[in-house]
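Thanks for coming. I will go through some side-chain pairings, then take comments at the end.

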Amino acid sequence: MISAPQHLIIAPVVLPLLAAALLLFFDERERLLKATIAILTTVALLAISVVLLLRVHADGEPGAGRIAVYLLGNWPPPFAITLVLDRLSALMLVLTSVLAIPVFIFAIGRWQKAGPYFYTLLLLLLMGVNGAFLTGDIFNLFVFFEVMLAASYGLALHGSGTQRVRAGMHYIAINLAASLLFLIGVSMIYGITGTLNMADLILRIPDVPAENQMLLEAGAAILGVAFLIKAGMWPLSFWLPTMYTAAPAPVAAIFAIMSKVGVYVILRLSLLFSAASMPDGALSFGWQVLFIGGLATISFGAIGVLASQALGRLAGYSVLVSSGTLLAAVGLSQNQVTAGALYYLVTSTLAISAFFLLIELIERGQDAFANVLAVTQEAFGEGEEDEEMNLEVGVTIPGTLAILGISFSFCALLLAGLPPLPGFLAKFAMLSAMFSPLGLGEGGTISSGAWWLAALLILSGLAALIAMSRAGIRAFWAPVDAVVPRVLLVEIIPVGILLAMTLALSVAAGPVMRF
C-alpha cells in the first residue's frame with residue numbers, strides 16, 4: 001500500500017461537482033462558454049486519471065500494482081469516508097474521461113440546445129460514476145449511485161418527445177425500485193456485520209454466527225439484484241433497449257459506461273464476498289448465477305440484434321451482448337478470462353458509444369416511411385427494383401455518406417468481433433484462457449460452461465455481423481431515396497476519435513493485456 005497522492009484521488013469527484021455548480025451561474029444562452037468549461041473539465045479529468053493510473057501502476061510481473069487510500073477528514077477506518085484507488089478503478093476513471101470528451105464535443109452540434117442544464121447534468125453524472133469507481137464503502141457506493149441516477153433521469157428526458165418521455169418514466173420507475181433494493185441489501189449487511197467498509201467486511205464476514213448467515217446471504221443477493229438491473233442481466237434487462245434507443249445520441253453514448261458501472265460493482269462485490277466466505281463456502285453461489293445469467297443475456301441480446309430493424313434498438317441489444325459477455329466471464333471465476341473480459345469491457349464500451357453517436361448522424365438522412373418501405377421490399381420484392389438500381393450505376397457517393405459508411409463498417413467489424421480489431425482480440429484472449437491448461441477443470445477436461453460461453457461468443461458475433469450488414473445495406477445501398485445528412489465537424493470528429501482509440505487498443509493489445 002502507498003500513501004495517496006495528496007488530495008488528488010478525490011479530484012475526479014470534486015472537479016466535476018465544482019464545474020457543474022459553476023455552470024449554473026451562466027445564462028443558458030451562453031452555450032459556447034458552458035460547453036468550453038465542460039470540455040476543459042473533462043480534459044483535466046483525463047489528465048488527473050492518467051496521473052492516478054501511473055501512480056498505482058507498477059511495472060514488472062503481471063498483476064503487480066499498488067493501492068492508494070484517501071480518508072476524508074482524516075478519520076480512522078472503518079469510520080472514515082474512504083476512497084480506494086487501484087489499477088482497476090484507475091482504468092475505469094481513464095475510460096470514463098476518454099469517453100466523456102468526444103461525447104461533450106458531439107453535443108455542441110445540437111443537443112446542448114435541446115434543453116436546459118445539459119452539461120451540468122453530464123458533469124454530475126461523471127461525478128457519480130467516478131465516485132462509484134473510487135469508493136471503498138458500500139454506503140457511499142449507494143450515495144454515488146444515487147447521484148449518478150439522479151443526473152441520468154434528467155438526461156434521459158432531455159429534448160422531450162413522447163417516446164423519450166415514456167421510456168424515461170419507465171427508466172426512472174425501474175431504477176427507483178433498484179435503489180430501494182440497494183438500500184434494503186445495504187441495511188441487512190450492516191445489521192449483521194456492523195460495518196459497510198469493504199476491507200472491514202472481509203475480516204468480519206467469516207465471524208458471522210451460523211444463525212445469521214442466511215440473512216447475510218439474503219442481503220448480498222438483494223444487493224446483487226440491484227446492480228444486475230443496472231448491468232442489464234436477463235431477465236432484468238427489459239428496460240434497457242427501449243431507453244437507450246429513445247435517449248439522445250450523446251446521452252446514450254455516455255450511458256454505455258453506466259451499464260459497466262453495474263458490471264464493475266458486481267465484480268468487486270463477488271470477489272469481496274468470495275474472499276470473505278465462510279468455511280463452508282456459503283457465499284459462493286453468486287458465481288453460478290452470474291455465469292448462467294450472462295449466458296442467457298448473450299442469447300437474448302443476440303436474438304434482439306437479429307430481430308432489430310431500427311439502428312437504435314440494434315445498438316441497445318448490443319449493450320446487452322456486451323454486458324452478458326462480461327457477466328459470464330466474471331462468473332467463470334478464472335483470472336485469465338477476467339483479464340480478457342476487462343480488455344473487452346474497454347473496447348466494447350468505446351465501440352458502442354461511437355455507434356450511438358453515428359446512428360444520430362445516419363438517421364438524419366432517413367425517414368420512417370423509407371425504412372418501412374425498405375423492409376417491405378426485402379419481404380415481398382418490387383418489380384422496378386432492377387431498373388432503379390441501373391439508374392444509379394456510376395453515381396458518385398457524396399463525401400458525407402462515404403465517411404459515414406466507412407465509420408459504420410468499422411463499427412460493424414468491432415461489434416462482430418472480426419480480426420484484427422480489438423473485439424476479436426478480446427474474445428480470442430478469453431477463449432485462449434478457457435481452453436489453456438490453466439483453465440481446465442477437474443481431471444484435465446474443459447468444462448461444459450467454457451464450451452457454452454465459447455459457442456455463444458461466436459454466435460453473438462455472427463448475429464452482429466448479419467444484423468450490421470443488413471442495416472448497412474439498407475442505410476447506404478438501398479434504392480430508396482435518401483437525403484444526404486448535414487453533418488458538422490464537431491459531430492463526426494468525436495466518432496473518429498472513439499474509433500481511432502479502438503484501433504490504438506488493437507495495435508497496443510500486448511501491453512494493454514499485460515496491464
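This is a predicted model: local features need pLDDT of at least 70, side-chain atom pairs count only at pLDDT 80 or more; totals for chains, interfaces and linings use all residues.

**Aromatic pairs and salt bridges**

What does tyrosine 171 pair with? Its partner is tyrosine 153, and the aromatic pair is edge-to-face, with 5.9 Å centre to centre and 75° between the planes. Tyrosine 153 lies in helix 5 (residues 138–156) and tyrosine 171 in helix 6 (residues 162–193), so the pair ties together parts that are 18 residues apart in sequence. Tyrosine 153 is buried as well, with a relative accessible area of 14%. Both tyrosines belong to one aromatic cluster, formed by Tyr153, Tyr171, Trp239, Tyr244, Phe255 and Phe356.

The loop between helix 5 and helix 6 holds histidine 158. Histidine 158 counts as buried, at 4% relative accessibility. Leaving aside neighbours within four places in sequence, the contacts of histidine 158 include Trp111, Phe118, Arg164 and Pro248.

Back to the rings. The structure holds 18 aromatic pairs. Another of them joins phenylalanine 104 and tyrosine 119: the ring centres are 5.5 Å apart and the planes are at 50°, so this pair is tilted. Phenylalanine 104 sits in helix 3 (residues 87–106) and tyrosine 119 in helix 4 (residues 118–134), so parts 15 residues apart in sequence are tied together. Phenylalanine 104 is buried, with a relative accessible area of 0%, and tyrosine 119 is buried at 3%.

One ring has a charge over it: the charged end of arginine 87 sits over the ring of phenylalanine 515, 4.7 Å from its centre.

Now the salt bridges. How many does a search of the whole structure find? It finds two.

In one, aspartate 86 pairs with arginine 268, and the closest N and O atoms are 2.7 Å apart. This pair links distant parts of the chain, 182 residues apart: aspartate 86 is in the loop between strand 3 (82–85) and helix 3, and arginine 268 is in helix 10 (residues 249–275). Aspartate 86 counts as buried at 16% relative accessibility, whereas arginine 268 is partly exposed at 25%.

In the other, arginine 204 meets aspartate 200, at 3.0 Å from N to O. These two residues are four apart in helix 7 (residues 198–204), so about one helical turn separates them. Arginine 204 is partly exposed, with a relative accessible area of 33%, while aspartate 200 counts as buried at 14%.

That is what I have. Comments, please.

How values were computed:
Residues are numbered from 1 along each chain as its sequence is written. Side-chain values use heavy atoms; hydrogens and water are left out. Rings of Phe, Tyr and Trp (its six-membered ring) pair if their centres lie within 6.5 Å; planes under 30 degrees apart count as stacked, over 60 as edge-to-face and the rest as tilted. Buried means under 20% relative accessible area, exposed over 50%, partly exposed in between (1.4 Å probe, protein chains only). A charge sits over a ring if NZ of Lys or CZ of Arg is within 6 Å of the ring centre and within 35 degrees of the ring normal. Contact means heavy atoms within 4.5 Å. A salt bridge is a side-chain nitrogen of Lys or Arg within 4 Å of a carboxyl oxygen of Asp or Glu.
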